[in-house]
Amino acid sequence: MRVLIVKDSITDIQRARAVQAVDDVLRKYAETKIVSVEKLTDSLMNDDVIFNLSIGKRNDFLQGNVAAVAQLTGHEHIGSSPYTHYVCLDKFTTKNILKAYGIKTPNGVLFDGKKFTGKLPVPAIIKPVAEGSGIGIDEKSLCYDIEEIKKRSIDKFEKLGEPILVEEFLDGPEVTVGVVGFGSDLIVLPELEIDFSNLPEGIERYYSQRVKEKFAEQTIYKCPSTFTEKVRERIRKTAIKSFEIVKARDYLRMDMRIVDGIPYVIEINSMPGLDPLTSDLPKMVKPLNEDYEWLIRTIVKRAFHEKRG
Ligand SMILES: Nc1ncnc2c1ncn2[C@@H]1O[C@H](COP(=O)(O)OP(=O)(O)O)[C@@H](O)[C@H]1O
Ligand SMILES: [Mg+2]
């Protein structure tokens, strides 16, 4: 069996490390080849298994496209279907689908550059609809005034050139939750609580780009979280339900904020980072006394099994 690991052509240190680390694990079980995403169709051989680690720009929806190429050419691939990627890359779509299935998520309104789709929530967080890594989320993203919300949405739209999501700001503790597996064989990893209380004064208490990039040391990570068992059970149930609603497969991570003990899903990452040093998913296996290799083996289990028949 050959696994084709697909990477971005231009990549940062975390993504490069993830590609290397996944390759290090898989080489023990299969032949592997690493290829840049633009070379994918040229390099693909008949019975390859595709492991996409190419994130693209996110708003180019590349993750979905790679999964679609795999599907169209009849190749087994690791991770979710194109449908899941397309749904999860657009935070407004994700929200509306989850809501329709009864999952709690903050109220949100979309700004397409001309008009807002509904009544503006206050206070609101203003963020691009299809980004990740805190891109477009800064110290001015939280806003308490309607006129200010409108103005900042226009500014953000002009700056980023993509629709802007104006979302009710939930002032509660934050967790991120990983789910691995497939079908009815799903494992919710111990949830990771992200505590911003130790950040220097004046720094926003949410995961803006600068908090993610520059304040990791002062951010407190707790895994598992400090919630009561009752709340933790609600978190796990919400995670499983959400995973199923977006028809995910193999691995997924979602951000939640907890208000009065009730989990609200903020966004779903259909291709969460796999950098062994900095990504959240690898942090979540430690309380299980498992390691990075276990995580990757769990993620590829379904595809390898299908392949071997
Ligand atoms: N509705 C919200 N209420 C409270 N905080 C939010 C809300 N939406 C986003 N945030 C904060 O902003 C962070 C980044 O938002 P998110 O949508 O997860 O973007 P990214 O894809 O960049 O991670 C979240 O981790 C959270 O701290
Ligand atoms: Mg997030």
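Okay, let's start at the ligand: 21 residues surround ligand 1, and the closest are Pro106, Gly132, Leu170, Tyr206 and Tyr207. A residue gets in if its C-beta atom, placed from the backbone, lies within 6 Å of the molecule. Bear in mind this is a predicted model, where local features need pLDDT of at least 70 and side-chain atom pairs count only at pLDDT 80 or more, while totals for chains, interfaces and linings use all residues. Residues are numbered from 1 along each chain as its sequence is written, with chains lettered from A and ligands numbered from 1 in the order in which they are written.

So, the shell around ligand 1: nine nonpolar, three polar and nine charged residues. Gly goes with the polar ones here, and Tyr and Pro with the nonpolar. Strands E6 (124-128), E8 (164-168), E13 (250-259) and E14 (262-269) each supply at least two shell residues; strands are DSSP runs of at least two residues, helices of at least four.

On to domains. The assignment, automatic or from a database, gives domain 1 (2-78), domain 2 (107-168) and domain 3 (171-270). Domains 2 and 3 each give the ligand 1 shell at least three residues. Their centres, over C-alpha atoms, are 22 Å apart, and 10 residues of domain 2 contact seven of domain 3, a contact being C-beta atoms, placed from the backbone, within 7 Å.

Last, helix H1 (residues 13-26). Its buried residues are Ala18, Val19, Ala21, Val22, Val25 and Leu26, buried meaning 20 or more other C-beta atoms within 10 Å of the residue's own. Their cover includes strand E1 (2-7) and helix H10 (292-308).

Terms used. A residue is buried if 20 or more other C-beta atoms lie within 10 Å of its own, exposed if 12 or fewer, and partly exposed in between; C-beta atoms are placed from the backbone. Two residues are in contact if their C-beta atoms, placed from the backbone, lie within 7 Å.
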